[in-house]
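Here's a quick tour of a protein model, with the cut-offs spelled out as we go. Have the viewer open and follow along.

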Amino acid sequence: MCLASGIVQGLTWAKGHESLDYFEFGSIGGSPPIDGIVTFWTAVILFQNLVPISLYISIEIVKLAQAFFIYSDVDMYYAHIDYPCTPKSWNISDDLGQIEYIFSDKTGTLTQNVMEFKKCTINGIPYGEAYTEAQAGMDKRAGVDVEVEGARARAQIAKDRVSMLRELREIHKNPYLDNDQLTFVSSEFVADLRGAAGEEQAKANSHFMLALALCHTVLPDRLSEDPPRIDFKAQSPDEAALVATARDCGFTLLECTSKGVRLSIQGTEVDFEVLNTLEFNSSRKRMSAIIRMPDGKIILFCKGADSIIYSRLAPGQQAELRASTAEHLEIFAREGLRTLCIAQKELTEEEYRVWNREHEIAAAAVHGREEKLEEVADAMERELTLLGGTAIEDRLQDGVPDTIALLAEAGIKLWVLTGDKVETAINIGFSCNLLDNGMDLILVKVDDDSMETAARMLDEYLQIFNLHGTPEELEAARKDHNPPAPTHALVIDGEALKLFLDEELRMKFLLLCKQCKAVLCCRVSPSQKASVVQMVKKGLDVMTLSIGDGANDVAMIQEADVGVGLAGVEGRAAVMSSDYAIGQFRFLGRLVLVHGRWSYHRLAEMVANFFYKVCVIFS
Ligand SMILES: [Mg+2]
């Protein structure tokens, strides 16, 4: 700046016959070059004393004002939980305007995290009707008019719902059944419960609902007495949805007593003794409850991820049931539903007594208590008998497809990092505008888990784009900030991602991802989410933003330049570690494209104006 002032002064003085001839003051140095040098040093003195400190303060004040604008924007206020967009960092609003990559979680971020029980399969028969967003995505993929098909399906469900409610009340006038709360619609289920498909199926249906009402860690919460309404408080919203469906079908959890639970089974109150509860955690992926039934039998009910339960079933039995249940669960997963398997095991008094003694020893252990308990639980949850499976829907939040389309139009690349299965993630991708029919899906799965195969596959995929993964190509990719052509999308599994994130393959993988319009990483762990963000941030030297809602997103939120937390039902861990907290995903569009852009623009203009002001005052 000083040099520019010097040169400009020298040149204009040298020109002559300018307006300056008419001013009274003459040349200081005598000749234009010396005048230029003198001006240079004058500028150094002026600028060094006056510019930095006041400029710094002005920038801070402007940023503070911008944070206030963001906080008070009514268009980003989420009335449902009384939550405005809350800036936790005041001084990075201009970074929002420079975001190139957005990394998003799925459950609770793109979806509502409000679980609705939609379907189930009991004793080999599927029940339930739903027209899910993933189904709509699938239809869209097949070229079906989604509006017409959706309206038809919804009309059919509404009709069936009325008859289901009527039939349920014919069995028993369940006072806890609330018409608006019913999510599981299947009049066939009720008909079979009443014996339309034989005694065996009626028993299976009733036993399945009993299992749902017994195997959980849910606490009932009485909302009102007249009409009697019971809500359920649970650690995970999935569990509450299961128990609520059992309630709607006439198996209501009334209270948890010191010994066990009291259920109302089609109007009759029955006490069940809960002997043990083997709790859920993310490595076990299952939970069990050991119950003494009123007839004295001891039954272990176990529910968990389908792969886990299937590996624990008694070998060589129920072959037909297992095949049909697995098939139904796969259809449910393709429709974007979250599936769980339910199984049981009958124990003899002696078996239980022996096991319980070991369990008590493990529970009393001082060292390695967790591991010992897990070992004992693992020994018990074997040789199970399959009962069926459940499917729960987690709907997309309002405005998610529009926001994703808008961000894509602005040239921002959105990557979705989810813990879901590949099929579920693809269908959700279609329903939220991330993927479309014109795209070629590159599905990355490494079957034999070897580095060589992964490297070979990567080279093959790069060939599609005429690339070889050389450092020069990466350098060129770094300089290219244009969004990739919407021709390809990449879907990768967590196991494969582990190989591709290795130092050796990382840059080539990044180059491949850079060519794809959408990237979906499925079945990824929290640390993998953070590694993906780091790979893009460091590898491409761009501004990144992460958005998530749960504790599993904290690593990713902290890794990105700007972290956005969603205040949802999964606690406030993500919000606490974020730079901006919002109530719904759709506000992200406004935050980045309106506030981010304006903040960046204003700040840039303010700095230029600041220098202009200083020049005017001090020259
Ligand atoms: Mg989440």
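## Starting from alanine 136

Setting aside neighbours within four places in sequence, alanine 136 is in contact with Tyr131, Val146, Gly150 and Ser431; two residues are in contact if their C-beta atoms, placed from the backbone, lie within 7 Å. Alanine 136 sits in helix 3 (residues 133–141). Helices here are DSSP runs of H or I with at least four residues, strands are runs of E with at least two, and both are numbered from the N terminus. Is alanine 136 buried or exposed? With 22 other C-beta atoms within 10 Å, alanine 136 is buried. The cut-offs: buried takes 20 or more other C-beta atoms within 10 Å of a residue's own, exposed takes 12 or fewer, and partly exposed is in between, with C-beta atoms placed from the backbone. Leucine 603 is 467 residues away from alanine 136 along the chain, and their C-alpha atoms are separated by 44 Å.

Two bits of housekeeping. Residues are numbered from 1 along each chain as its sequence is written. This is a predicted model, where local features need pLDDT of at least 70 and side-chain atom pairs count only at pLDDT 80 or more, while totals for chains, interfaces and linings use all residues.

## The overall picture

The protein has 21 helices and 20 strands. Its C-alpha atoms fill a box of roughly 115 × 60 × 60 Å, taken along the principal axes. Of its 619 residues, 39% count as buried. Among contacts with a separation of 6 or more, 69% come from residues 24 or more positions apart.

In soluble globular proteins, nonpolar side chains tend to be buried together. A nonpolar core here means a set of buried Ala, Val, Leu, Ile, Met, Phe, Trp, Tyr and Cys residues joined through C-beta atoms within 7 Å. The largest such core has 78 residues, and Phe103, Leu490, Val491, Cys521, Ile582 and Leu591 touch the most other members. Apart from that core lies another, of 60 residues, including Leu193, Val218, Leu300 and Leu387.

## Helices against helices

For helix pairs, axes are lines fitted to C-alpha atoms over the stretch in contact, and angles run from 0 to 180 degrees between N-to-C directions.

| Helix pair | Angle | Axes |
|---|---|---|
| Helix 6 (residues 199–214) and helix 7 (residues 237–248) | about 135° | 8 Å apart |
| Helix 10 (residues 349–363) and helix 11 (residues 369–380) | roughly 165° | within 8 Å |

Angles under 35 degrees count as roughly parallel, over 145 as roughly antiparallel, 65 to 115 as roughly perpendicular and the rest as oblique. Helix 6 and helix 7 are therefore oblique to each other. On the contact face, Met209, Leu212 and Ala213 of helix 6 meet Leu242, Val243, Thr245 and Ala246 of helix 7. Those contact residues split into 6 nonpolar, 1 polar and no charged, where Ala, Val, Leu, Ile, Met, Phe, Trp, Tyr, Cys and Pro count as nonpolar, Asp, Glu, Lys and Arg as charged, and the others, Gly among them, as polar.

Helix 10 and helix 11 are therefore roughly antiparallel to each other. Helix 10 brings Trp355, Glu358, His359, Ala362 and Ala363 to the contact, and helix 11 brings Lys372, Leu373, Val376 and Met380. That contact divides into 6 nonpolar, 1 polar and 2 charged residues.

Most residues other than glycine have a negative phi, and most peptide bonds are trans. Asparagine 123 has a positive phi of about 50° without being a glycine. The loop between strand 3 (111–122) and strand 4 (125–127) holds asparagine 123, which counts as buried with 20 C-beta neighbours inside 10 Å. Glutamine 318 also has a positive phi, near 50°, and is found in the loop between helix 8 (306–311) and helix 9 (319–334). With 16 other C-beta atoms within 10 Å, glutamine 318 is partly exposed.

Which residues are joined by a cis peptide bond? Aspartate 226 and proline 227 are, with omega about -5°. Proline 227 lies in the loop between strand 5 (219–225) and strand 6 (228–233).
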